[in-house]
Amino acid sequence: MSSPEGSFVVSDLRERPEFTEAVADRVWRAWWQGKGYPLDYIEGRVAESLDGAAVPCAVVAHEDGLFLGTASVIPSDLDERPEYSPWVAAVWVDPEHRRRGIGAALVRKAAQGAFESGADLVYLCALPEKRAFYERLGWQRLEENVGRNALTVLTLARS
Ligand SMILES: CC(C)(COP(=O)(O)OP(=O)(O)OC[C@H]1O[C@@H](n2cnc3c(N)ncnc32)[C@H](O)[C@@H]1OP(=O)(O)O)[C@@H](O)C(=O)NCCC(=O)NCCS
């Protein structure tokens, strides 16, 4: 997918496996390092997105061979809501490339992957300050104040 905001492309990680290390590095630094998990635990989780199954999967944004950002589709993301699946998760854009529409393109491509796996509804959880970003992309609030981090659960239906 090309963007009018530049020449970045969003690909399934299986098509661009050379970005696997960058995906694991960013996801680990953003969400797991601080909780004491080793990098190789996340490398293993990301490697699952290279298997043949539709979910989990990961998408990467890149431009001229440079990694820009990533998002994933995973079966489960919130311990308090095991009945919901699948989830768009780990949406990340490197700080110097933000506000170009890359995050939006990653979320759209990840949701498309979830729908192609057969899901009619895809879930996402976000801190309240990130809600507006997803609502602008058509996601709707399902629940607020869930769990210890007071997350909002949003959904997107297959159109
Ligand atoms: C959240 C995140 C993924 C957004 O990525 P991004 O590439 O900056 O996203 P976009 O460019 O699509 O949109 C971000 C904002 O830039 C605006 N924008 C998009 N293109 C723009 C442009 N060309 N010029 C100016 N602003 C633009 C969007 O309207 C949006 O505004 P909002 O913040 O008021 O909603 C990124 O900030 C990030 O990685 N944050 C850290 C990790 C994180 O919090 N992830 C989400 C967990 S729920």
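A150 counts as partly exposed, with a relative accessibility of 26% (buried means under 20% relative accessible area, exposed over 50%, and partly exposed in between, using a 1.4 Å probe and protein chains only). A150 has a positive phi of about 50 degrees, although this residue is not a glycine. You can find A150 in the loop between β6 (140–146) and β7 (helices, H or I of at least four residues, and strands, E of at least two, are DSSP runs numbered from the N terminus).

A90 has a phi near 50 degrees, again a positive value in a residue other than glycine. This alanine lies in strand β4, and A90 is partly exposed at 22% relative accessible area.

## About the model

This is a predicted model, where local features need pLDDT of at least 70, side-chain atom pairs count only at pLDDT 80 or more, and totals for chains, interfaces and linings use all residues. Residues are numbered from 1 along each chain as its sequence is written, and side-chain values use heavy atoms, leaving out hydrogens and water.

An unreviewed UniProt entry carries the annotation "domain: N-acetyltransferase" for residues 8–157 (positions follow the numbering used here, feature names are shortened, and annotations may be inferred rather than shown by experiment). Over residues 8–157, the chain is 28% helix and 31% strand, and the end C-alpha atoms are 26 Å apart.

## The nonpolar cores

Now look inside. The largest nonpolar core has 28 residues, and L106, V122, Y134 and W139 have the most contacts inside it (such a core is a set of buried Ala, Val, Leu, Ile, Met, Phe, Trp, Tyr and Cys residues joined through side-chain atoms within 4.5 Å). At least two residues of this core come from each of β2 (57–63), β3 (66–74), β4 (87–93), α3 (102–116), β5 (121–126) and β7 (151–157). Helix α3 gives the largest share, nine residues.

Which residues does Y134 touch, leaving aside its neighbours within four places in sequence? Y134 is in contact with V91, V107, L124, A126, W139 and L154 (contact means heavy atoms within 4.5 Å). There is also a second, separate core of 12 residues, which includes A22, A24, I42 and A58.

## Helix α1

Helix α1 spans residues 20–32, and its buried residues are T20, A22, V23, A24, D25, R26, V27 and W28. These buried residues pack against α2 (39–47), β2, β3 and β4.

## Around the ligand

There are 18 residues around the ligand, and V91, R99, G101, G103 and R136 come nearest (a residue is near if one of its heavy atoms lies within 4 Å). A polar backbone atom of V91 is 2.8 Å from a nitrogen atom of the ligand. A backbone N or O atom of R99 sits 2.8 Å from a ligand oxygen atom, and for G101 a backbone N or O atom is 2.7 Å from an oxygen atom of the ligand. Taken alone, the ligand exposes 940 Å², and the protein buries 71% of that (areas come from the Shrake-Rupley method with a 1.4 Å probe).

## Two cis peptide bonds

Where are the cis peptide bonds that join V55 to P56 and S85 to P86? P56 is in the loop between α2 and β2, and omega of the V55 to P56 bond is about 5 degrees. P86 is in the loop between β3 and β4, and omega of the S85 to P86 bond is about -5 degrees.

Notes:
A polar contact is a pair of N or O atoms within 3.5 Å; within protein, one must be able to donate a hydrogen and the other to accept it, and residues adjacent in sequence count only if both atoms are side-chain atoms.
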